[in-house]
Amino acid sequence: MCATAATTENFMPPPGSRILVAMSGGVDSVAVAALLVRSGYECMGATLRMTGDSETKPVFEPCCGLQAAEDARSVCEQLGIEHRTVRIVEAFERHIISPFAAQYAAGRTPNPCIQCNRIVKFGLLFRYAREWGCQYIAMGHYARLEEKNGRMALRRSAYRQKDQSYVLAPLTQPQLRRSCFPLG
(Lines give C-alpha, C1' and ligand atoms only; values in the text may rest on other atoms or scores of the structure.)
Protein backbone atom coordinates (compact mmCIF):
# COMPACT_ATOMS: atom_id res chain seq x y z
CA MET A 1 0.00 0.00 0.00
CA CYS A 2 2.75 2.48 0.81
CA ALA A 3 4.63 3.00 -2.41
CA THR A 4 8.02 4.62 -2.40
CA ALA A 5 8.68 8.05 -3.83
CA ALA A 6 10.30 6.48 -6.90
CA THR A 7 7.05 4.99 -8.22
CA THR A 8 4.31 6.80 -10.09
CA GLU A 9 1.59 4.68 -8.44
CA ASN A 10 1.17 6.92 -5.41
CA PHE A 11 3.73 9.48 -4.31
CA MET A 12 5.12 8.90 -0.84
CA PRO A 13 7.72 11.00 1.01
CA PRO A 14 11.33 9.85 1.15
CA PRO A 15 12.01 7.13 3.74
CA GLY A 16 12.57 8.48 7.24
CA SER A 17 10.60 11.69 6.66
CA ARG A 18 8.73 13.19 9.60
CA ILE A 19 5.00 13.09 8.83
CA LEU A 20 2.08 14.64 10.69
CA VAL A 21 -0.88 12.28 10.44
CA ALA A 22 -4.22 14.08 10.61
CA MET A 23 -6.31 11.81 12.80
CA SER A 24 -10.07 12.05 13.01
CA GLY A 25 -10.26 9.05 15.32
CA GLY A 26 -11.79 7.02 12.50
CA VAL A 27 -10.57 3.79 10.93
CA ASP A 28 -9.03 5.38 7.81
CA SER A 29 -6.75 7.80 9.67
CA VAL A 30 -5.80 5.07 12.14
CA ALA A 31 -4.85 2.81 9.22
CA VAL A 32 -2.72 5.60 7.74
CA ALA A 33 -0.83 6.10 11.01
CA ALA A 34 -0.23 2.36 11.40
CA LEU A 35 0.92 1.96 7.78
CA LEU A 36 3.34 4.86 7.99
CA VAL A 37 4.81 3.77 11.32
CA ARG A 38 5.20 0.22 10.01
CA SER A 39 6.90 1.60 6.87
CA GLY A 40 9.54 3.35 9.00
CA TYR A 41 8.37 6.95 8.85
CA GLU A 42 8.74 9.18 11.89
CA CYS A 43 5.14 10.12 12.67
CA MET A 44 3.08 12.13 15.04
CA GLY A 45 -0.70 12.37 15.15
CA ALA A 46 -2.86 15.47 15.38
CA THR A 47 -6.59 15.88 15.80
CA LEU A 48 -8.36 19.11 14.98
CA ARG A 49 -10.97 20.11 17.58
CA MET A 50 -13.45 22.05 15.51
CA THR A 51 -16.34 22.04 17.97
CA GLY A 52 -16.81 23.58 21.39
CA ASP A 53 -16.66 21.80 24.70
CA SER A 54 -20.44 21.75 25.14
CA GLU A 55 -22.26 18.86 26.76
CA THR A 56 -24.53 18.60 23.72
CA LYS A 57 -23.22 16.43 20.93
CA PRO A 58 -22.49 18.68 17.93
CA VAL A 59 -23.40 17.70 14.38
CA PHE A 60 -19.70 17.37 13.51
CA GLU A 61 -18.93 15.03 16.43
CA PRO A 62 -17.90 11.99 14.37
CA CYS A 63 -14.81 13.70 12.91
CA CYS A 64 -14.02 16.66 15.10
CA GLY A 65 -15.41 16.16 18.58
CA LEU A 66 -14.09 15.25 22.00
CA GLN A 67 -14.48 11.49 21.48
CA ALA A 68 -12.59 11.61 18.17
CA ALA A 69 -9.64 13.34 19.84
CA GLU A 70 -9.60 10.78 22.65
CA ASP A 71 -9.79 7.86 20.19
CA ALA A 72 -6.91 9.27 18.13
CA ARG A 73 -4.80 9.88 21.24
CA SER A 74 -5.37 6.30 22.36
CA VAL A 75 -4.31 4.90 18.98
CA CYS A 76 -1.18 7.07 18.93
CA GLU A 77 -0.29 5.81 22.38
CA GLN A 78 -0.60 2.20 21.14
CA LEU A 79 1.57 3.03 18.10
CA GLY A 80 4.15 4.73 20.30
CA ILE A 81 3.85 8.12 18.61
CA GLU A 82 3.12 11.58 19.95
CA HIS A 83 -0.39 13.00 19.60
CA ARG A 84 -1.56 16.60 19.85
CA THR A 85 -5.02 18.09 19.78
CA VAL A 86 -5.40 21.47 18.11
CA ARG A 87 -8.42 23.55 19.09
CA ILE A 88 -9.56 25.64 16.10
CA VAL A 89 -13.20 26.27 16.97
CA GLU A 90 -13.17 29.97 16.07
CA ALA A 91 -11.36 29.50 12.74
CA PHE A 92 -13.69 26.64 11.80
CA GLU A 93 -16.73 28.80 12.56
CA ARG A 94 -15.34 31.78 10.63
CA HIS A 95 -13.99 29.97 7.54
CA ILE A 96 -16.34 26.99 7.21
CA ILE A 97 -19.58 27.12 9.21
CA SER A 98 -20.56 30.78 8.63
CA PRO A 99 -19.92 30.72 4.86
CA PHE A 100 -21.71 27.36 4.59
CA ALA A 101 -24.76 28.70 6.45
CA ALA A 102 -24.84 31.84 4.29
CA GLN A 103 -24.64 29.85 1.06
CA TYR A 104 -27.29 27.41 2.24
CA ALA A 105 -29.59 30.27 3.28
CA ALA A 106 -29.13 31.71 -0.23
CA GLY A 107 -30.52 28.49 -1.72
CA ARG A 108 -27.21 26.90 -2.70
CA THR A 109 -25.91 23.50 -1.63
CA PRO A 110 -22.26 24.05 -0.73
CA ASN A 111 -19.87 21.25 0.20
CA PRO A 112 -18.13 22.41 3.39
CA CYS A 113 -15.62 19.54 3.20
CA ILE A 114 -13.97 21.05 0.11
CA GLN A 115 -13.35 24.37 1.85
CA CYS A 116 -12.35 22.65 5.09
CA ASN A 117 -9.72 20.59 3.28
CA ARG A 118 -8.23 23.61 1.51
CA ILE A 119 -8.39 26.17 4.31
CA VAL A 120 -8.30 24.17 7.54
CA LYS A 121 -6.76 20.74 7.06
CA PHE A 122 -4.24 21.68 4.37
CA GLY A 123 -3.94 25.28 5.55
CA LEU A 124 -3.96 25.66 9.32
CA LEU A 125 -2.79 22.12 10.01
CA PHE A 126 0.19 22.61 7.68
CA ARG A 127 1.31 25.55 9.81
CA TYR A 128 1.28 23.36 12.89
CA ALA A 129 3.11 20.59 11.02
CA ARG A 130 5.95 22.98 10.20
CA GLU A 131 6.10 24.26 13.80
CA TRP A 132 6.40 20.66 15.00
CA GLY A 133 9.16 19.78 12.53
CA CYS A 134 7.07 17.69 10.13
CA GLN A 135 7.90 17.94 6.43
CA TYR A 136 4.74 16.20 5.24
CA ILE A 137 1.14 15.69 6.24
CA ALA A 138 -0.80 12.46 5.70
CA MET A 139 -4.53 11.96 5.65
CA GLY A 140 -6.92 9.06 5.32
CA HIS A 141 -8.42 10.38 2.09
CA TYR A 142 -8.75 7.89 -0.74
CA ALA A 143 -6.77 9.68 -3.46
CA ARG A 144 -3.37 9.36 -5.10
CA LEU A 145 -0.58 11.74 -6.01
CA GLU A 146 1.73 11.43 -8.96
CA GLU A 147 4.68 13.63 -9.78
CA LYS A 148 4.40 14.50 -13.44
CA ASN A 149 6.47 17.05 -15.38
CA GLY A 150 7.64 18.67 -12.15
CA ARG A 151 4.11 19.08 -10.78
CA MET A 152 2.01 17.04 -8.40
CA ALA A 153 -1.04 15.55 -10.11
CA LEU A 154 -3.99 14.54 -7.98
CA ARG A 155 -5.37 11.17 -9.11
CA ARG A 156 -8.44 9.16 -8.27
CA SER A 157 -8.07 6.40 -5.74
CA ALA A 158 -7.26 2.93 -7.02
CA TYR A 159 -10.28 1.86 -4.98
CA ARG A 160 -12.85 3.84 -7.01
CA GLN A 161 -15.78 3.14 -4.68
CA LYS A 162 -14.09 5.20 -1.95
CA ASP A 163 -12.45 7.85 -4.13
CA GLN A 164 -12.29 11.26 -2.44
CA SER A 165 -10.07 13.11 -4.91
CA TYR A 166 -12.92 15.48 -5.77
CA VAL A 167 -12.81 17.10 -2.30
CA LEU A 168 -9.07 17.66 -2.71
CA ALA A 169 -9.24 19.26 -6.18
CA PRO A 170 -8.83 22.87 -4.92
CA LEU A 171 -5.51 22.10 -3.21
CA THR A 172 -2.52 24.11 -4.41
CA GLN A 173 0.78 22.74 -5.69
CA PRO A 174 2.59 23.64 -2.43
CA GLN A 175 -0.12 21.82 -0.46
CA LEU A 176 0.01 18.73 -2.68
CA ARG A 177 3.80 18.66 -2.66
CA ARG A 178 3.81 18.27 1.13
CA SER A 179 0.98 15.70 1.27
CA CYS A 180 0.61 11.97 1.02
CA PHE A 181 -2.39 9.67 0.85
CA PRO A 182 -1.29 6.14 1.80
CA LEU A 183 -4.79 4.70 1.28
CA GLY A 184 -4.86 5.85 -2.36
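This is a predicted model: local features need pLDDT of at least 70, side-chain atom pairs count only at pLDDT 80 or more; totals for chains, interfaces and linings use all residues.
Author: Residues are numbered from 1 along each chain as its sequence is written, and side-chain values use heavy atoms, with hydrogens and water left out.

Reader: Why is Leu124 called buried?
Author: Buried means under 20% relative accessible area, exposed over 50%, and partly exposed in between, with a 1.4 Å probe and protein chains only. Leu124 has 16% relative accessibility, and therefore counts as buried.

Reader: What makes Glu77 and Arg73 a salt bridge?
Author: The term requires a side-chain nitrogen of Lys or Arg within 4 Å of a carboxyl oxygen of Asp or Glu. The closest N and O atoms of Glu77 and Arg73 are 2.8 Å apart, and the pair forms a salt bridge. Both residues belong to helix α3 (residues 66-79), where, being four residues apart, they are separated by about one helical turn; helices here are DSSP runs of H or I with at least four residues, and strands are runs of E with at least two, numbered from the N terminus.

Reader: How do you know whether Glu77 and Arg73 are exposed or partly exposed?
Author: Glu77 is exposed, because its relative accessible area is 59%, while Arg73, at 32%, counts as partly exposed.

Reader: Which parts does the salt bridge of Glu147 and Arg177 tie together?
Author: The side chains of Glu147 and Arg177 meet at 3.3 Å, N to O. Glu147 lies in strand β5 and Arg177 in helix α6 (residues 173-177), so the pair ties together parts 30 residues apart in sequence.
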